[in-house]
Amino acid sequence: MEAKEPLIIRDKSQMRQWSRSMRAQGKTIGLVPTMGYLHEGHLSLLREAHKQTHLTVVSIYVNPGQFTPSEDLSTYPSDFHGDIKKLMSVPGGVDVVFHPHNLYDYGSSGCGDGVEREVRREKEGGEGVVSCLEERGLGHETWVRVERLEKGMCGKSRPVFFRGVATVVSKLFNIVDPDFAFFGKKDYQQWRIIRRMVRDLDFSIEVIGVEMVRDDDGLAMSSRNVHLSPEDRKKALSINQSLSKAKCAAEKGLVNCTVLKNSVTIAILEAGGRIDYAEIVDQESLEAVDEIKGAVVFCVAAWFGKVRLIDNLEINV
Ligand SMILES: Nc1ncnc2c1ncn2[C@@H]1O[C@H](COP(=O)(O)OP(=O)(O)OP(=O)(O)O)[C@@H](O)[C@H]1O
Ligand SMILES: CC(C)(CO)[C@@H](O)C(=O)[O-]
Ligand code: BAL
């Protein structure tokens with residue numbers, strides 16, 4: 001049986017009002033931030049939220065602040081009505097879907113285009129990379145950075161990504177004011193970064209990391225999988241298969257990270273993929289390790305056709 005239709009809120013102040021009035025009634029709120037085009041991985045976050053909170057909010061917002069103009073913002077998949085149906089298929093459904101049109105619209109209080117162009121000029125002379133948000137000239141110039149954790153892996157290949165994620169998640173936290181927020185461990189580095197941000201900035205929110213959901217054949221579920229051709233989708237199984245083999249080998253005593261990383265890199269290249277990175281890092285600090293001694297995570301990003309996929313496996317020896 002389908003759950004009831006959620007309340008759909010598009011306006012920041014209406015979202016805030018809803019949260020305030022629910023909190024005044026003693027209700028706890030769980031937030032699941034997403035970019036839409038939902039799959040079972042997202043729904044597992046919602047199911048986890050149901051276990052911990054009275055009320056649930058799923059946000060659907062494709063954030064221009066975490067994409068550079070050369071990334072795939074314009075082709076990011078979306079299906080709002082399909083998403084609502086999927087959310088209603090989960091027992092208990094969802095109370096609110098927060099689906100803002102533009103989270104960076106500050107009305108007359110924005111300082112506007114002139115300042116934005118100035119910021120862009122400075123950056124182009126400095127760090128050299130701007131996000132789609134700055135490119136659009138919307139007057140936003142405040143960014144949250146988790147300086148060390150954002151440096152490696154996805155932060156290296158997507159230079160504005162974690163700055164954009166930490167900033168938009170801070171905005172969502174301020175607007176929705178949840179007690180709990182749920183993030184998937186598929187995006188392992190993102191989950192760690194949000195946890196650190198919440199600790200360092202004293203957000204009064206508990207961040208819950210939820211296990212990754214895979215398709216039956218092992219491919220990590222991801223909205224971008226829809227862009228894989230059937231051939232590339234088959235080839236992409238090499239990521240999970242080589243990671244699983246490496247994990248088995250590590251558990252049997254092969255702890256040299258160069259050897260393990262090479263085995264995964266070669267398997268993905270032989271399948272026809274292009275490696276972005278293959279890193280074995282400490283689960284907490286995300287620092288690369290040479291030898292597996294304790295709790296590490298083996299993280300991979302690889303391209304198949306025009307699609308960049310990420311995956312990881314935790315290894316505890
Ligand atoms: N397979 C999965 N298992 C568990 N959580 C997931 C999975 N895929 C995504 N999530 C989580 O859902 C939340 C929203 O992610 P997002 O909307 O970007 O989806 P996505 O499938 O990761 O998309 P993308 O193709 O951009 O990687 C994040 O916390 C993310 O970690
Ligand atoms: C956390 C997030 C919703 C921020 O835009 C996004 O990075 C995602 O979907 O993982
Ligand atoms: N789940 C990560 C969002 C992104 O790739 O932009």
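Reply: **The α9/α10 pair**

The axes of helix α9 (residues 230-251) and helix α10 (residues 257-271) come within 9 Å and cross at roughly 160°. Here axes are lines fitted to C-alpha atoms, for helices over the stretch in contact, and angles run from 0 to 180 degrees between N-to-C directions. Helices (H or I, at least four residues) and strands (E, at least two) are DSSP runs, numbered from the N terminus. Please keep in mind that this is a predicted model, where local features need pLDDT of at least 70, side-chain atom pairs count only at pLDDT 80 or more, and totals for chains, interfaces and linings use all residues. Residues are numbered from 1 along each chain as its sequence is written, while chains are lettered from A and ligands numbered from 1 in the order in which they are written.

The two helices, α9 and α10, are therefore roughly antiparallel to each other (angles under 35 degrees count as roughly parallel, over 145 as roughly antiparallel, 65 to 115 as roughly perpendicular and the rest as oblique). On the α9 side, the contact includes Lys235, Ile239, Leu243 and Ala246; on the α10 side, Leu260, Val264 and Ile268 are among the residues involved. Contact requires C-beta atoms, placed from the backbone, to lie within 7 Å. By class, this α9 contact with α10 has 10 nonpolar, 3 polar and 2 charged residues (Ala, Val, Leu, Ile, Met, Phe, Trp, Tyr, Cys and Pro count as nonpolar, Asp, Glu, Lys and Arg as charged, and the others, Gly among them, as polar).

Now to the wider setting. The domain assignment gives domain 1 (7-105 + 144-210) and domain 2 (223-311), with bounds that come from an automatic or database domain assignment. Their C-alpha centres lie 26 Å apart, and the contact takes 14 residues from domain 1 and 10 residues from domain 2. On the side of domain 1 that touches domain 2, α8 gives the most, with 3 residues. That side has 7 nonpolar, 4 polar and 3 charged residues.

Helix α8 (residues 188-200) also leads us to the sheet: α8 lies across β5 (180-184) and β6, running at about 170° to β6. The open sheet has 6 strands in the order β1-β4-β3-β2-β5-β6, with parallel pairing; two strands pair if DSSP finds at least two bridges between them. At the edges are β1 (7-9) and β6 (206-210), each pairing on one side only. The twist averages 25° from one strand to the next.

Terms used: Two residues are in contact if their C-beta atoms, placed from the backbone, lie within 7 Å.
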